[in-house]
Amino acid sequence: MKAREFWLLVLPSLVVMGGLLVLPLLRTMQWSFEEVHYGVPGTFVGLGNFIEALTDERFGRAVLFTVVVTLVTTVILLVLGYLVAIGVNRLTTSRPVVLGIMLVSYVLPQLVGAVAYSWLFDDNFGGVVNRLIGLFSGTQVLWFTDQVPNAILVISNVVWQMLPFAMLIILAGLQGVPLELREAAKIDGASPFQTHLNVIIPTIRGVLGFVTLITIMDVLRMFDNLIPLSPQAQSIGNESIMMYVYRMAFADGAQKLGLGSAINVLTIILILVMLIPFIRGIFKEAKAEQR
Amino acid sequence: MTLPDLDLSTRAVTTAGRPSDHRRTGRSKPPVVTGILLGLLCVVMLSPFIWMTLSVTKPTDVAFANPPVLWDYEPTLKAFIDLWQTTYFADYLVNTLVVAVISTVIALIIGIPAAYALSRFPSYVSALLLVLALIFRALPRFAVVLPMYDISRALGIYDTTFALAIALVAINQPFTIWLLRNFFADIPRELDEAAMIDGCTRIGMLRRVMIPLMGPGILTAGIFVFLFAFQEYLTALVLTDTSSKTVPVFIATQLGQTLPMLQQAGAASMLLTIPVFVIAFIAQKYLVAGLSDGAVKG
């Protein structure tokens, strides 16, 4: 393909992304060094916003909460996703039904799913889950006003929402494991558990890495689900980073747009660092193709 | 049968494995324990919707009773009627659909040529563009949405469905290109060349040869872009106010209000859940293909 044709085909998309992603992003970077309000030019304050963010105790709590939820969720999703994928892989005729049911929580708007999810725990709606827990242990759990139970509620919701994604990706990976590999392991006398641990998991590690990356990226950015699940997030210390940005830079009079932008920049740097291995993979592939 | 969706979903990862592999392993007896466990999992996955359906169809005083009343009540559709009569739900629903349709159409029109070019131009330029696409896909939403809010106010297009739709086109464009490019890359290049020798121009070839071949890929990408727009809460929250509000934003504003309003939010949620159920079954093969193809290969 000639270079001129290439650019012609790519141009419309590039214009849209340049104008609506790159320019806004540059604006965010500019704002992160400014004391600024919407619609008026800001004044340069150097690293002031970054210093304010890194010394704000509330931001520290938001980072801690977000990172803990992200790590716990990722581990649970990998393990559970793998187990469910093995199960679904064995199904034949009932597979579309199971996949269909599981996909609902992933396809629904995250906020709507979280609203429905929260009602299971909400005493206003009879709190069925609390009833069940009370039946066995006799204790009352404060899902919305107590920090740790609320964090558990959020984690379980994210797992509920993202399990179909993790399961499907891992399932696709499992289907790519050559049958010969499994048979060879069987002939060598490996138990099913050993086969999974030593043969299948190493074979699909690229897929597992991808699930890990996407889960981490998505959960680090969580926002929608906390609206119904953690209405008192700020007072119990369960704010996510993005929720903190929203409160600082948009809601409540948007007093601290510069601060919010600085946190966005910090988050971008963090995500870029995590993407490095994948970026290297793409360039390697391009290099190989060019030969 | 399950083969068609396997064909699509595994294409990306199975260069060695044949799609029919799992069937040859065919166990002599059906996996009973697995079946029971997965059945239980399905109930757990569905439990929020089951409970919401019950809560929404109860009379308001019963819906909020604690301990919960499980069967001794008269089912009612009052929450749905109230939703329709006392709120602007119909308008919000129309807004949501208009935004989703506009953004899907524009995203595909600009995305298809770009993705095709990227799949046929193996160089550092195309690798660089793909990396950028991946990075922008991973960005924190607010990093672009807050400046968009500022710009849309300056341009006087704040709170219009068009502004929201075009914002979503841009936000989802990296994923659109990424997914389409993976589908395009699987079509042998010899086909392009054969068509070109037969006298097609590059654009004519794209239209007559590639697009028909890419039908499933384009449909998959279209479904995903539509769903992303339909799901979007954060961008709509920032870029809309009253006149182009979407359903997820409406549902969020109903929370923390009076109990009947909460029940209406549940009714609205249910009305969104029902079509999603239908999509999950009807378009399943495309959803599965999009998730595994857009992802695994990347």
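**Exercise 1. Describe the make-up and extent of chain A in this predicted model.**

Solution. Start with the secondary structure: chain A has 14 helices and 2 strands. Next, take the extent along the principal axes. The C-alpha atoms fill a box of roughly 70 × 70 × 30 Å. Then ask how much of the chain is covered: of its 291 residues, 44% are buried. Last, consider contacts between residues at least 6 apart in sequence; in chain A, 69% of these join residues at least 24 apart.

**Exercise 2. State how confident the prediction of chain A is, and where confidence is lowest and highest.**

Solution. Begin with the average. The mean pLDDT of chain A is 86, and 97% of the residues score at least 70. Helix H6 (residues 128–137) of chain A has the lowest confidence in the chain, with a mean of 79. Helix H3 (residues 57–90) of chain A has the highest, at 92.

**Exercise 3. Compare the span of helix H4 of chain A with the expected span, and decide how far H4(A) is covered.**

Solution. Helix H4(A) runs over residues 95–107, which is 13 residues. The expected span is 1.5 Å times one less than the number of residues, which for H4(A) gives 18 Å. From first C-alpha to last, H4(A) reaches 18 Å, close to that value.

For burial, the cut-off is 20 or more other C-beta atoms within 10 Å of the residue's own. In H4(A), 10 of the 13 residues are buried, so by this cut-off the helix is mostly covered. Among them are Arg95(A), Leu99(A), Met102(A) and Tyr106(A).

**Exercise 4. Work out how strands E1 and E2 of chain A are arranged.**

Solution. Strand E1(A) covers residues 34–37 and strand E2(A) covers residues 40–44. They are joined by 3 bridges and run antiparallel. In this pairing, Glu34(A) stands opposite Phe44(A) of E2(A). The two strands form a hairpin with 2 residues between them. In the turn, Gly39(A) has a positive phi of about 85 degrees. Finally, check the cover: E2(A) is hardly covered, with 0 buried residues among its 5.

**Exercise 5. Characterise the side of chain B that touches chain A.**

Solution. Count the residues in contact: 98 of chain B meet 91 of chain A. On the chain B side, helix H3 (residues 32–56) of chain B gives the most, with 13 residues. Sorting that side by class gives 70 nonpolar, 21 polar and 7 charged residues.

Methods
Residues numbered from 1 in each chain as written. Chains lettered and ligands numbered in written order. Predicted model: local features only at pLDDT ≥ 70, side-chain atom pairs only at ≥ 80, totals over all residues. Helix = DSSP H or I, 4+ residues; strand = E, 2+ residues; numbered from the N terminus. Buried ≥ 20, exposed ≤ 12 C-beta atoms within 10 Å, placed from the backbone. Contact = placed C-beta atoms within 7 Å. Nonpolar A, V, L, I, M, F, W, Y, C, P; charged D, E, K, R; others polar. pLDDT = per-residue confidence, 0-100. Pairing = 2+ DSSP bridges.
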